[in-house]
Amino acid sequence: MSAVLIEVRDVQRSFDEGRVQALRGADFTIEEGEFAAIVGPSGCGKSTLLQLLGALDEPSEGEILFRGKSLLEIPDLCRFRAQTIGFVFQSFHLLPTLTALENVQIPMFEMPWSAAERRRRATELLKSVGLGERLHHLPPKMSGGERQRVAIARSLANEPQLLLADEPTGNLDSANAKRVMEHLQSIHQQRGMTMVVVTHDWNIANFADRVIRILDGRIISDNRT
Amino acid sequence: MSFLTIVFKNLLRRRTRSLLTIAGIAIGIAAVVALTSIAWGFEKSWEQAYRARGTDLVVTKITSQSPMPAPFNEKFAADLLKLPRVKEVSGLLTDLISIEDAPTTLVFGWALDSFLWDHLKVVKGRKPSGDDEKAVVIGTVAADMLRKSIGAKIHIEADEFTICGIFESTALVENGAVIMSLRQLQRVTENTGKVNFLNVKLEPGSTQEQVESLRKTIKERFAGFNAFTSSEVAQSNTAIQAAKGMSWATSLIALIVGAVGVTNTMLMSVFERIHEIGILLAIGWRRSRIVRMILYESMALSFLGGLAGVALGFVAIKVIQTTPMIHGKIEGEISAALFGLAILVALALGVFGGLYPAVRGSRLSPTAALRYE
Amino acid sequence: MMKPFCLALLLTLPAPALLWAAAASDQANPAATELIDKVINARKTTGFRIRAKLIVVQAGSGKRQTRQLLIKGRRDGEATKILYQALWPDAYKGRALLVEKSADHKTTGFLFTPPDKVTPLTPEVMKQPFLESDLTLDDLAEDYWHWPLQKIVGQETVSGKSCQILESRPAGRPTAGYALVKTWICPDLALPLRVHLFDEGGQLVKRINVEKFFQQGTRWVPATIMIEPEHGRSRTTLDGSKSERDLDIPVEDFALGKIKSLAK
């Protein structure tokens, strides 16, 4: 068995001074190299959980450990996110005024790389998601599938140890959705990267090695395939 | 892609707004440039007046509340001549006099054998021939102001003089002045035996240190008197101080308006980009980088506004100089220092105007900002 | 260039205030007395010299005419002398008004017109205009601060300054041209900012406004004074270009011989 990457210890998250309980108690670990899917209907708390895993948000109760160290003890969470975590969002979240190549370079400003190095890495990443011909296109001129592949390339920009995807296929038709998931799967396989995908779609969940089901803020099942 | 690419692409997104902000800053900076240039030019012109006279030190009585130093006994010159390295001392009387229906005019009384006359170029006529001659020379600008030419009569205080010459000076303030013999001005202003400036010339080849040490000696030995170098005289002149004060006050107002414009633009731009800032924070940009991005944007706007403002200001100076009221009296100074100052002020404006929006932007919570559409 | 300086004129009469205050206190309101003393004391000096321009603007044509004036004053104990002399243009040069006040406020003096016409100041003469301006000799000579009836009648803001309104009336039939003078005095500046002059029928005859004033040392002094007659065809501005105070003006300057010599 491989090492534990993330340990979620009895985490709760409530909003509006406790009136809204988004997450009522999650307790699990994710191991290094794992490809996990968190599945549940919309509003079940799965996106909240993903944001907590990505250090975008802090739990109301409990704690999350990354390689045994509590996220609360990390002084510079922005730096931590930049160097450790890659994000893929449902609505892509690309900057519309920047080209595909430029969008992929954005996270790289936090790394000690030269402009030429940033450009080389970004070009390579876009080629790896099949967008070698679309480097200089602006996001609004690209299809949804292309945009999400740009976002995937961007999430890999700083060679993260963990890739978090929030409904990555939510805005795509089934053909494009399948293609995006195949890309994620091949990244997982080629790089051995730990991945957590949040989805409501069982077809997507089936790409993962492990499925965590969540309902009303509670984990109701956790199965490895 | 460099960091600045992002900054410029952000600005290009809202071209009209960026241009309007640049225009606002440009106008503010143009006002600063034009006013400062004129205030500096004014000061320089006084300074030139003393330099041109070959004066090393100017000695006056310490006077408060009056634009002109109080007159004192001209015999004091003899005391100064006894000091080391002093070659010549020339007493003069300077007064601001309301002449006929012209605006208040600067009138000098110079001893006819003084070295002060050496730098004047009499373009028409001659200088007064003797202390008893009721004659004056007037500068070219004064001739325009008084609408008088050579041979005309001019009433100064209770007396009537003949204009015997018209001169040109390298010092612009002198061009607007009337000059007569010291004795005559002492008589008409009822200051017999008195002067209010002593111009001191040192032995040739005196160093700056020697001038400075003589200045100290004069201040120590003669209580109530002060000695200035040429540039200090200009700086301590109340009129120049008033002009400088006015220029600063007006500039400040222009700059505050400019800064409010930048702040407004940058705040609007931050509010429009809450979602984007959320993305940048989510994918790992540090808050300091968000601050830098917004500050660079506002500084880029103000830098461009500064450049345009300097150009506009230089044009304004040229236009102001050709207006009849100012023409020939004040020459605005256009220098690298002024250019540098204007750009620095513009950048400061950018930092000042962009700071609050930048801090606001960087304090956004990434999750809240991501939800914001 | 610079145009500060001051003008005392009407408002600078270096008068024997305290003496009068004691004599008149039975009829004057104490607050009024105090206010007048404040103004007069702020203006007290051994001697002064003022250079000013008198600018007369015709109402219809807007034609401007300037006269240059020299005003000198001297105090000997409680007696004062003030001399107004025209310096320019030639048509007026040498014309002079000498106003002498004895310690008990008797006004004497004369009007001098070159080459050698001397007119004593009778009530008739006093109604004449001074150098064809909107100021009468009365305006320059009469010292209504010393009229027996003084009363503060209200408060109003003039030129942004809070002023007390002083009403001055002569005893019995007015010997001077006016029967009532209202003065708006700013106590903080110890400076009158507006004067309204009324005739016996209670009609407003003339308005005098201090348009510009500034601080000279510790004192506030007027720089520009506007004189507007209620039914006149012109108005006059008195614009000070230089003022010196605490001087010793020689007594000979006020002698006829010296006054005549200016005209030559």
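Before we go on, a word about the model. This is a predicted model, in which local features need pLDDT of at least 70 and side-chain atom pairs count only at pLDDT 80 or more, while totals for chains, interfaces and linings use all residues. Residues are numbered from 1 along each chain as its sequence is written, and chains are lettered from A and ligands numbered from 1 in the order in which they are written.

Let us look at chain B by itself. It has 13 helices and twelve strands; these are DSSP runs numbered from the N terminus, with helices being H or I of at least four residues and strands E of at least two. Of the 373 residues in chain B, 48% count as buried, meaning that 20 or more other C-beta atoms lie within 10 Å of a residue's own.

Chain B also meets chain A, where 20 residues of chain A are in contact with 21 residues of chain B. On chain A's side, α2 (77–84) and α3 (100–105) each supply at least two residues, and the largest share, four residues, comes from α2(A). By class, that side of chain A divides into ten nonpolar, four polar and six charged residues.

Now find helix α1 of chain A, residues 46–53. This helix is mostly covered, with eight of its eight residues buried; among them are A:Lys46, A:Leu49 and A:Leu53. After α1(A) comes A:Ala55, which has a positive phi near 60 degrees.

Finally, follow chain A to two packed helices. The axes of α5 (residues 144–155) and α6 (residues 174–191) of chain A come within 9 Å and cross at roughly 15 degrees, the axes being lines fitted to C-alpha atoms over the stretch in contact, with angles running from 0 to 180 degrees between N-to-C directions. That makes α5(A) roughly parallel to α6(A), a term for angles under 35 degrees. Residues that make the contact include A:Gln148 and A:Ile152 of α5(A) and A:Val180 and A:Leu184 of α6(A).

Note on methods:
Angles under 35 degrees count as roughly parallel, over 145 as roughly antiparallel, 65 to 115 as roughly perpendicular and the rest as oblique. Two residues are in contact if their C-beta atoms, placed from the backbone, lie within 7 Å. A residue is buried if 20 or more other C-beta atoms lie within 10 Å of its own, exposed if 12 or fewer, and partly exposed in between; C-beta atoms are placed from the backbone. Ala, Val, Leu, Ile, Met, Phe, Trp, Tyr, Cys and Pro count as nonpolar, Asp, Glu, Lys and Arg as charged, and the others, Gly among them, as polar.
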